[in-house]
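Keep the picture open and look up each residue as it comes along.

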Amino acid sequence: MKLATYKDGSRDGQLVVVSRDLASAHYATGIATRLQQVLDDWNFLSPQLEDLYTSLNHGRARHAFAFDPAQCMAPLPRAYQWADGSAFINHVELVRKARGAEVPDSFYTDPLMYQGGSDDFLGPQDPIVCADEAWGIDFEAEVAVVTGDVAMGSTPEQALEGIRLLMLANDVSLRNLIPNELAKGFGFFQSKPATAFSPVAVTPDELGDAWQGGRVHLALQSSWNGKKVGLCDAGEEMTFHFGQLIAHICKTRNVRAGSIVGSGTVSNKDWSRGYSCIAEKRAIETIEEGSPRTGFMKFGDTIRIEMKGRDGHSLFGAIEQKVMALAPEATA
């Protein structure tokens, strides 16, 4: 099943069911108006949405319309929790090697994770708005999951059962703000602005055998200013699978329905696959040449993030964003 949220002028939008080929959609109004409602009552409402999804795919939905990603908010426009991991240890190794730092042994057994802002997500085609290019604007192509309730103390295997939906994320980072924030010893805050998500969120069964062991075994494509810069495998080298990431949160607290958990930047040891964030490209340049030569994003730059299934068709639709300057009147 594939779900999206259409803009309607409200904070939470209108839930729509989207066809498997992303060509058509149907409002879910008769079943639920918002995705959070479905997550709160999954066992009762999701089968009804599945029936509508089946009708839509077979051309039997009476009020279907052409699906337009430009009308989409994030599938879950605001969430109770957005926790982003760093599940690809290769990314951590590269960034630390570039600055001459060792990776602590604990990083291989205990996931890194930060808690980001979840009150104001971006839709797949909403601009990345920033006040200053000098802050080091970077994209981060990731996979994310949306959970149901997962109890405190759950094992990774139990946590996997709590995954309801998957989607793509662009976890925007302001790289030049990060060092001073981390030096305070309290983690990311201003350096992590609003995150964008793919047009649709999909149930795990839509991925077929590409969804194995809590990992998505498909390539994540990143194109910067129209040039493909990353075709990174999101599965094999994911050190901590999504069950482990969710269980990490559950060590001390419950995870409630509507929580979003990210994989962190998708990263591969084979550098020919490219990169899912500019910081990693700069780290590789520093390792090879002694210093970085690739700059961060500028106003007017674009980023496209997409994942295709084994049939070559887009699974989640594409995140397509443009970097824009904060308008002066916005700060008045």
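There are 14 salt bridges in this structure, which is a predicted model.

**Salt bridges**

- Glu 140 pairs with Arg 175, and their closest N and O atoms are 3.2 Å apart. This pair links distant parts of the chain, 35 residues apart. Glu 140 sits in the loop between strand S8 (137-138) and strand S9 (141-147), while Arg 175 belongs to the loop between strand S11 (173-174) and helix H5 (178-183).
- Are these two partners buried or exposed? Glu 140 has a relative accessible area of 5%, so it is buried. Arg 175, at 15%, is buried because it also falls under the 20% cut-off.
- Both residues belong to a network of salt bridges that links Asp 138, Glu 140, Asp 171, Arg 175 and Lys 192.
- Glu 285 forms a salt bridge with Lys 281, where the closest N and O atoms are 4.0 Å apart. Both lie in helix H7, four residues apart, which is about one turn of the helix.
- Glu 285 has a relative accessibility of 1% and therefore counts as buried. Lys 281, at 24%, counts as partly exposed.
- Arg 293 and Glu 289 meet through their side chains in a salt bridge of 3.0 Å, N to O. Arg 293 counts as exposed at 58% relative accessibility, whereas Glu 289 is partly exposed at 44%.

**Helix H2**

- Helix H2 covers residues 42-57, which makes 16 residues. How far apart are its end C-alpha atoms? They are 21 Å apart, and this agrees with the 22 Å that the helix should span at 1.5 Å a residue.
- The buried residues of H2 are Trp 42, Leu 45, Ser 46, Leu 49, Leu 52, Tyr 53 and Leu 56. Looking down the axis of H2, you would find these buried residues within an arc of 120°, so they line one face of the helix.
- What do the buried residues of H2 pack against? Their partners are strand S1 (2-6), strand S2 (14-18), strand S3 (24-27), helix H1 (35-40) and strand S10 (163-170).
- After H2 comes Gly 59, which has a positive phi, near 75°.

**A nonpolar surface patch**

- Val 129, Met 324 and Leu 326 make a nonpolar surface patch of about 230 Å².
- You can find Leu 326 in the segment after strand S20 (319-325). With 34% relative accessibility, Leu 326 counts as partly exposed.

**A glycine in a loop**

- Gly 295 lies in the loop between helix H7 (278-289) and strand S19 (302-307). Its relative accessible area is 37%, so Gly 295 is partly exposed.
- Which residues does Gly 295 touch, leaving out those up to four places away in sequence? They are Trp 224, Ile 278 and Arg 282.
- Gly 295 and Arg 60 are 235 residues apart along the chain, and their C-alpha atoms are separated by 50 Å.

Technical notes:
Residues numbered from 1 in each chain as written. Predicted model: local features only at pLDDT ≥ 70, side-chain atom pairs only at ≥ 80, totals over all residues. Heavy atoms only, no water. Helix = DSSP H or I, 4+ residues; strand = E, 2+ residues; numbered from the N terminus. Expected span 1.5 Å × (residues − 1). Buried < 20%, exposed > 50% of the residue type's maximum accessible area, 1.4 Å probe, protein only. Arc of directions from axis to C-beta. Contact = heavy atoms within 4.5 Å. Patch = residues over 30% accessible without salt bridge, like charges linked within 9 Å, V, L, I, M, F, W, Y side chains within 5 Å. Areas by Shrake-Rupley, 256 points an atom, 1.4 Å probe, with all protein chains shown as cover.
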